[in-house]
Amino acid sequence: MVSQARKSELLFSGSDWDFKKLSRVYDEIEAVGREELRLDIYPVQMEVISSEQMLDAYSSVGMPLMYRHWSFGKRFLHDELLYRKGARGLAYEIVINSNPCIVYLMEENTMALQALVTAHAALGHNHFFKNNHLFRQWTDAGGILSYLDFAKSYIARCEERHGLAAVEAILDSAHALMEQGVFRYRRPPKLSSEQQREGLRERLEYEERSFNDLWRTLPPSQGTSKPEAEDDNLAERKKSLNLPEENLLYFLEKNSLVLEPWQREIVRIVRVIAQYFYPQRQTQVMNEGCATFVHYTLMNTLFDRGRISEGAMLEILRNHSNVVFQPSYDDPRFSGINPYALGLDMMQDIQRISTAPTAEDRDWFPDIAGRGDWRDTLLDAWANHRDESFIRQYLSPALIRKWRLFVLADGADEPHYEVASIHNERGYARIRSALAQSYDIGASRPDIQVVDVDLLGDRHLRLQHTVKDGVMLESESRDATLRHIRNLWGYDVSLAAIDGGTGAMLSERWTKEL
């Protein structure tokens, strides 16, 4: 039985919550997070929502103020049916990368669970969003909510003016291209209007200095063949259009000759939202690992300080164990590596290597082994890495053994798998590299780029898919996507599959064949 003095020190008792308790718990968790882990976070706005509102947030990709689209309603009905049947649970929270950082809490959560998800989302995810270089480079946390408000009202006005069917047709095609609607590398800043005028003036002056009218009277050179002239035209065309272009939505938005201004703006809205989510696809292990490490550390710190009761801590640990549970490969629930589990294990392993390294750790991690200050190492990793680089640098042999990882070679012409890398010095390096490569979305996503289009000729849009390891696009989804591209482009589109190693053409598909 908890004594009266001890009970007065507790942040809460019992399972019921109210807003006063939520505020007191958040203040305590934030203070401990800043003190123990040196977290740097956006201001937090917490909202409590029902299970139906959580399902609604699921359906609109977790974003408030989202515009309407039939796919969101379809997903809502699908998720609601599974939830009502007990086949799927709901997230305890949703967090939005914005400034202020918005955290949605389920009203069905107990007070102990509210404390856990507050530490997870309002501190862990919040710190990662604010400090990781990918989010700082690609997202505008301060402007995303106002932009979504604009997007929702703009698309609603388009529906009133042009009709639901016309707007949905554009949204359907744009959504189909979201995976290929992002910039993977930062572009150089655009020239200002003054710099553009200065560049144009310099080019004109150069042409005047170098021009000689006598050259006009000379017969054309016989040494320049027609193929060479065509090559020159192609090179000039690619230069003027900045080809090849990896962002299909950007190219269509800027160059399509059939899109009306309102349609271009809708394509741009979808492109901006796709770019907003791009860092999250690259940092799932790190983001969830950071949030899980933070909530686990902060909850244990509060318990050690007597601010959380034994009963509440048992409930917190039970929910924590559910989050980091990793089914074995032969378990019906297995769907791959749990990012929460892998991320947490790697971050706790960094803590171990920094404070109690083995001789093996000193060989593999000479820069951090035994330094003692694991906080600096974690803060640096959270700020400067994505999943691929984090695993490539920090996955240890000890963790490889714990997870029993190994590499299988799967040759297309071989009837059996071959165990290619095991637990030895060379095997650890190969296993780490192979796992890191699997988290590189540049390697796992199809590389499709615009390579040519003659805007003054037949306006045929040529796309190129660089095939890696012989993996071709699935024919049905490829053809459906080509039809969506043609819908936005207005003219024939072709997709050539090119072997990434040899450059040989493997296949070519035209929309006029579909």
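Arg136 counts as exposed, with a relative accessibility of 58% (exposed is over 50% relative accessible area, buried under 20%, partly exposed in between, with a 1.4 Å probe and protein chains only). This is a predicted model, so local features need pLDDT of at least 70 and side-chain atom pairs count only at pLDDT 80 or more, while totals for chains, interfaces and linings use all residues. Residues are numbered from 1 along each chain as its sequence is written, and side-chain values use heavy atoms, with hydrogens and water left out.

- Arg136 sits in helix α6 (residues 133-138); helices (H or I, at least four residues) and strands (E, at least two) are DSSP runs numbered from the N terminus.
- Not counting residues up to four places away in sequence, Arg136 touches Lys130 and Asn131, where contact means heavy atoms within 4.5 Å.
- The C-alpha atoms of Arg136 and Ala383 are 9.5 Å apart, although 247 residues separate the two along the chain.
- Thr377, in helix α17 (residues 374-384), is buried at 4% relative accessibility.
- Setting aside neighbours within four places in sequence, Thr377 is in contact with Ile350, Ser354, Ile368, Arg371 and Tyr394.

**The four-stranded sheet**

- The strands of this open, mixed sheet come in the order β6-β7-β8-β9; two strands pair if DSSP finds at least two bridges between them.
- β6 (447-453) and β9 (505-510) are at the edges with a single partner strand each, so one side of each has no neighbour in the sheet.
- From one strand to the next, the twist averages 25 degrees (axes are lines fitted to C-alpha atoms, for helices over the stretch in contact, and angles run from 0 to 180 degrees between N-to-C directions).
- β6 and β7 (residues 461-467) run antiparallel and are joined by six bridges, with Asp452 partnered by Arg462 in β7.
- Helix α11 (residues 248-255) packs on the sheet and touches β6 and β7, its direction making about 25 degrees with that of β6.
- Helix α22 (residues 475-489) lies across β6, β7, β8 (493-499) and β9, and runs at about 135 degrees to β8.
- Five bridges pair β8 with β9 in the antiparallel sense, and Ala496 stands opposite Glu508 in β9.
- β8 and β9 make a hairpin with five residues between them, and Gly503 in the turn has a positive phi of about 80 degrees.

- Asn99 and Pro100 are joined by a cis peptide bond with omega of about 10 degrees; Pro100 is in the loop between β2 (93-96) and β3 (101-106).
- Another cis peptide bond links Leu243 and Pro244, with omega of about 0 degrees, and Pro244 belongs to the loop between α10 (226-241) and α11.
- Arg404 is not a glycine but has a positive phi near 55 degrees; Arg404 lies in the loop between α19 (397-403) and β4 (407-409) and is exposed at 66% relative accessible area.
- Arg459 also has a positive phi, near 60 degrees; Arg459 is in the loop between β6 and β7 and is partly exposed at 28%.

**A surface residue**

- Val419, found in strand β5 (residues 418-421), is partly exposed, with a relative accessible area of 47%.
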